[in-house]
Amino acid sequence: MKLSVIPLLAWTTYAIIVVPIIMVLGASFTETRFITFPPAGFTLDWYSAAIADRALMGGLWLSTTVALASVLISVCLGTAAALYLSRPRAFLRGLLSSFFLAPLNVPSVMTAFALLLAFTQWHLINWYGLVIAHVILTLPYIVRSVLVSLAGQDQSIERAAAILGASPFRVFWLITLPLIRPGVLAGATFAFLISFNNVPVSVFISTPGSAPLPVVLFNRMQWLAEPSVAAAAALTIVAAITVMLILEQRFSIYRSMFR
């Protein structure tokens, strides 16, 4: 039987994504004091150690607050930008589109170094600077996902509502926003994950005594590769998968975007 290339490539891609996750989850249950896979025995002690670790929990709290703040700002700015770019007569549409999507084409290390130079001069090597840096990284994902939702919508519905007397705010709140909700939620989800898991920008912008969780995990893997690191990573993986499944079940984000 002739084997089709496309299914083989698809399953290979799935394996590349899933196998490292399985290895991290498995290593978090080992009874040894170092990360190993397959795990030697089974214990939940490393999860207790991760929860009791102040550096890990502090990094988790910082990553969560920065990600939530950056997503909130990115959703507001990105949705407004996408609405403007979707208009046929938008002024400088091509230039603005390239501007908003530029962070996707620049290596993260170069972006982080440029932000470090600028933020050092502006005294923004702190929580606020970290949020601004993450907004720069996450904004393109909101713009692209909302533009995808807007591409499949009939703008005559908005014009009809305006003709019938609805104010611009009511047109947006009652008509446009429900139509683009899948794109907004999908973009916000990706933006949160990108912000939460970012390492290059967080390494350059964070302060030594207050580092996001990915930076803490990165440093621990360099000097102290205990299974508690794998346990903390496993907790974030499970939390991310759970949130995405809940959003898909509740709002059908991806089915709505690509139907």
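These are my notebook entries on a predicted model of a protein chain.

**Entry 1: the overall picture**

I began with the secondary structure, and I found 12 helices and zero strands in the protein chain. Reading from the N terminus, I wrote the order of elements down as α-α-α-α-α-α-α-α-α-α-α-α. I then looked up the extent: along the principal axes, the C-alpha atoms fill a box of roughly 70 × 65 × 35 Å. The chain has 259 residues, and buried ones make up 37% of them. I also checked contacts with a sequence separation of 6 or more, and 71% of these join residues 24 or more positions apart.

**Entry 2: the nonpolar cores**

Which residues touch the most other members of the largest nonpolar core? I noted Ala 50, Leu 56, Leu 213, Leu 217, Ala 231 and Ala 232, out of 16 residues in that core. Four helices each supply at least two of its residues: α2 (45–52), α3 (54–85), α10 (213–223) and α11 (227–251). Of the contributors, α11 gives the most, with five residues. For background, I reminded myself that nonpolar side chains tend to be buried together in soluble globular proteins.

Leaving out neighbours within four places in sequence, I found Leu 217 in contact with Leu 56, Val 229, Ala 232 and Ala 233. Apart from this core lies another, of 13 residues, and its members include Val 66, Ala 112, Phe 119 and Val 131.

**Entry 3: α7 against α8**

Next I turned to a helix pair. The axes of α7 (residues 156–163) and α8 (residues 168–196) come within 10 Å and cross at roughly 145°. I logged the crossing of α7 past α8 as right-handed. On the α7 side, the contact is made by Ile 157, Glu 158, Ala 161 and Ala 162, while α8 brings Val 171, Ile 175 and Thr 176. Sorted by type, the residues of this contact come to five nonpolar, one polar and one charged.

Is Thr 30 buried or exposed? I placed Thr 30 in the loop between α1 (5–27) and α2. Its relative accessible area is 0%, so Thr 30 is buried. I followed its side chain to the backbone nitrogen of Ala 40, at 3.1 Å. Leaving aside neighbours within four places in sequence, Thr 30 is in contact with Thr 36, Pro 39, Ala 40, Gly 41, Thr 43, Trp 46 and Pro 227.

Asn 198 went on the page next, from the loop between α8 and α9 (200–205). Asn 198 counts as buried because its relative accessibility is 8%, and the cut-off for buried is under 20%. The side chain of Asn 198 reaches the backbone nitrogen of Val 201 at 3.1 Å. Beyond its neighbours within four places in sequence, Asn 198 is in contact with His 134, Leu 137 and Pro 214.

How many residues apart in sequence are Met 221 and Ile 35? I counted 186, yet their C-alpha atoms are 9.6 Å apart in space. Met 221 is in helix α10, and I have it down as partly exposed because its relative accessibility is 46%. Setting aside neighbours within four places in sequence, I found Met 221 in contact with Ile 35 and Val 229.

I then looked up Ala 114, which is in helix α5 (residues 108–122). At 43% relative accessibility, Ala 114 counts as partly exposed.

**Entry 4: a backbone angle to flag**

My last stop was His 123, in the loop between α5 and α6 (127–151). Its phi is positive, about 60°, although His 123 is not a glycine. I flagged this angle because most residues other than glycine have a negative phi. Is His 123 buried or exposed? Its relative accessibility is 68%, so I marked His 123 as exposed.

How values were computed:
Residues are numbered from 1 along each chain as its sequence is written. This is a predicted model: local features need pLDDT of at least 70, side-chain atom pairs count only at pLDDT 80 or more; totals for chains, interfaces and linings use all residues. Side-chain values use heavy atoms; hydrogens and water are left out. A nonpolar core is a set of buried Ala, Val, Leu, Ile, Met, Phe, Trp, Tyr and Cys residues joined through side-chain atoms within 4.5 Å. Buried means under 20% relative accessible area, exposed over 50%, partly exposed in between (1.4 Å probe, protein chains only). Contact means heavy atoms within 4.5 Å. Axes are lines fitted to C-alpha atoms, for helices over the stretch in contact, and angles run from 0 to 180 degrees between N-to-C directions. A crossing is left-handed if the near helix is turned anticlockwise from the far one by less than a right angle, and right-handed if clockwise. Ala, Val, Leu, Ile, Met, Phe, Trp, Tyr, Cys and Pro count as nonpolar, Asp, Glu, Lys and Arg as charged, and the others, Gly among them, as polar. A polar contact is a pair of N or O atoms within 3.5 Å; within protein, one must be able to donate a hydrogen and the other to accept it, and residues adjacent in sequence count only if both atoms are side-chain atoms.
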